[in-house]
2 protein chains.
Amino acid sequence: MEYRFADRISKVSPSAIRELFKFTQDPEVISFAAGSPSQEAFPVEELKEIANEIFSEMPYGVLKYGVSEGYEPLRQQIKDAMKAEKTFREEADNLFITSGAQQVMDLLTKTICNEHDVVLSEEPAFVGSLNTFKTYNVDLVGVKVGADGMDIDDLEAKLEKYGDRVKFIYTIPNFQNPMGFTMPIEKRKALYDLAKKYQVIVLEDNPYGKLRTSGEEVANIKTFDDEGLVVYAGTFSKILAPGIRVGYVIGPEKLIAKMIVGKQATDVHTSLFAQVLASKFIERTNMPEYFKSLQAIYRKKVDFMSEQIDKYLLDYVTYNKPEGGLFIWCQLKDGIDMQAFCKKALENKVAVVPGSSFMIDGQNINSFRLNFSNPSDEDIVKGMQLLAKTAESMIK
Amino acid sequence: MEYRFADRISKVSPSAIRELFKFTQDPEVISFAAGSPSQEAFPVEELKEIANEIFSEMPYGVLKYGVSEGYEPLRQQIKDAMKAEKTFREEADNLFITSGAQQVMDLLTKTICNEHDVVLSEEPAFVGSLNTFKTYNVDLVGVKVGADGMDIDDLEAKLEKYGDRVKFIYTIPNFQNPMGFTMPIEKRKALYDLAKKYQVIVLEDNPYGKLRTSGEEVANIKTFDDEGLVVYAGTFSKILAPGIRVGYVIGPEKLIAKMIVGKQATDVHTSLFAQVLASKFIERTNMPEYFKSLQAIYRKKVDFMSEQIDKYLLDYVTYNKPEGGLFIWCQLKDGIDMQAFCKKALENKVAVVPGSSFMIDGQNINSFRLNFSNPSDEDIVKGMQLLAKTAESMIK
């Protein structure tokens, strides 16, 4: 049998990060490649108690079929929290539960993009989202970014160039993956004004927003949304646990209604136990205090890694310390080839993610991504020393 | 903002069954509309113990990210079970875990169908699958069915007519939804031979296979698959609990590899807790005995409903008693319009699913679907009396 695949799937290959996993299984390898939250932040004891409670109090409630919109109490809890942040407007928006934020990318693209419609994305950008967009055979166009997010002039030039074909603009405004930047308020407003001018949707992806380690909170783009243009993706993956696969989407009611039809045709509904777990966790937790405790964990981590980069790597890389999230983005100085560096680092038993992984066409750039939330302090010290050794050997 | 939706999503409306839910929320309504397993069959105590065990023994194992292929011990358990049934061939097949069987329909279509490729489906067929296929903008063509499944001549005529454009044939060979028929072995072989002759994939959907209440087990189409043509969808929804959303797919290795790329771009992986729950349940359970206990529950139910149909409805309907599954399919006798009947039944506080719900273009047919697994015996008696009253009033 000669299998004939769809065009959409032929464009996507398993991500380079995934390929790296093979190496990071080796216990001798120090991995800065992960995109996952710090395990020490998981509220294990609380979740255990809740799991017990669920099966004692409402076993049928998690075992039978649920509605595609999601577990009603959880929907309400998120609506309330997001209303307080002005990210949800009762009169114009709706919200439903997704199987992780990845599914928001999937369902929005499914709902509004025909093949060869244009999606504008900051570039470099989260490879998982880029891959999802590609599976709909859209024409994915990168928008330049600087140290504070999207280049607004370049965004306008591309909106102008592609006109009606543009369906949405993809952005992670807080502690962007992979670059770590946070888009300032003026830029968010400028981006929204352009979306309004050109009447295109904005997909605001905010997985890391609560993991702020310094600086002041910046309003979500969704808070400006007086015309129903912004679709907001949230998730419990980074603040509770990624393995449960619970995310959510907020958007204008009409759009959400169609996305729910898509959800029904994709996985019917999100695993109910996972939804109830999140709901009961919120119910019994002082969430602002909880976020503060997470921030303390992440602050310690990002500070420590920055210190070690400063100590060992400044001859070879430049970087901006992020105000939160999970990642530090390093630019290699001239004379060190990134691909060769990442490969050599792996031979020296350190895994970092090559910057090319986050480019739409995988082109070579001179940067790599470090995760600071997972490795131990000891591994961070050792890892930076090994990266320095790797860079040093390539200059000679 | 004038929202512009994708063509693919414009073709799909929320299913009629879903619309019926609004009515079946009314506690006065007796519902035969569900497609869910019997709640009394849920092994609640065991699952509670297992949930406890999971959070005591391996909390990080269910809270951190998993791999897209699924929880390895569960994959191995299913492979072993399906190898014993000759439905999995170690040397040619692979298997991964999905978020319910619905996701198998989604990922196969995503992986092999371009827009306007042809999908052949038995018709009437499960509306959830039909909707999923439609979200890929394929040309969905119905194949006639009789009391023992697909009309093989009609299947061949359509394979001939659409030629290369046909990407796969969709079938539920055991206790089909909605009609309840079971395809005999000769027909399964004939179907496979045609797939071979025309080199098209078969999507064999088997959610109800273990819920056999009479007759002899018939080999899966996948057991004949010496050329790598059959993709087999399995699920824990009907044998364990639908709310956990755990299914799986078996198929030729090359095809599975591409489907996993699609899975990664859709929801990264299936909720880990749900996967581990299923795995630990299998580990501690004598599964053949467990299936026997389920069959006893369902046998009692289907026998009872058949008796009550025989007692109250034979003046108005004909039906074939199924050998398992969840549904009985009733044909209204001449002179009773199905849509009017279903509407009137609802006014009389009984919900049944109109047969048109299972037609590709929603056309009117003279049948309706009854679920026997959910209603109590008392409700079955009362419901059949009310349906008789409804039919009677329409003849006069």
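This report looks at one strand and a few salt bridges in a predicted model.

Residues are numbered from 1 along each chain as its sequence is written, and chains are lettered from A in the order in which they are written. Local features need pLDDT of at least 70, side-chain atom pairs count only at pLDDT 80 or more, while totals for chains, interfaces and linings use all residues, and side-chain values use heavy atoms, leaving out hydrogens and water.

Let's start with strand S9 (residues 230-235) of chain B. Strands here are DSSP runs of E with at least two residues, and helices are runs of H or I with at least four, numbered from the N terminus. Six of the six residues of S9(B) are buried, so the strand is largely enclosed by the rest of the structure. Buried means under 20% relative accessible area, exposed over 50%, and partly exposed in between (1.4 Å probe, protein chains only). Val230(B), Tyr232(B) and Gly234(B) point one way, with Val231(B), Ala233(B) and Thr235(B) pointing the other. In a regular strand, side chains alternate between the two faces of the sheet.

Now for salt bridges: a side-chain nitrogen of Lys or Arg within 4 Å of a carboxyl oxygen of Asp or Glu. The whole structure has 45 of them over all chains.

| Pair | N to O distance |
|---|---|
| Glu85(A) and Lys210(A) | 2.6 Å |
| Lys222(B) and Asp225(B) | 2.8 Å |
| Lys292(B) and Glu289(B) | 3.7 Å |

Lys222(B) is buried at 1% relative accessibility, and Asp225(B) is buried too, at 4%. Lys292(B), by contrast, is exposed at 51%, and Glu289(B) is partly exposed at 43%.
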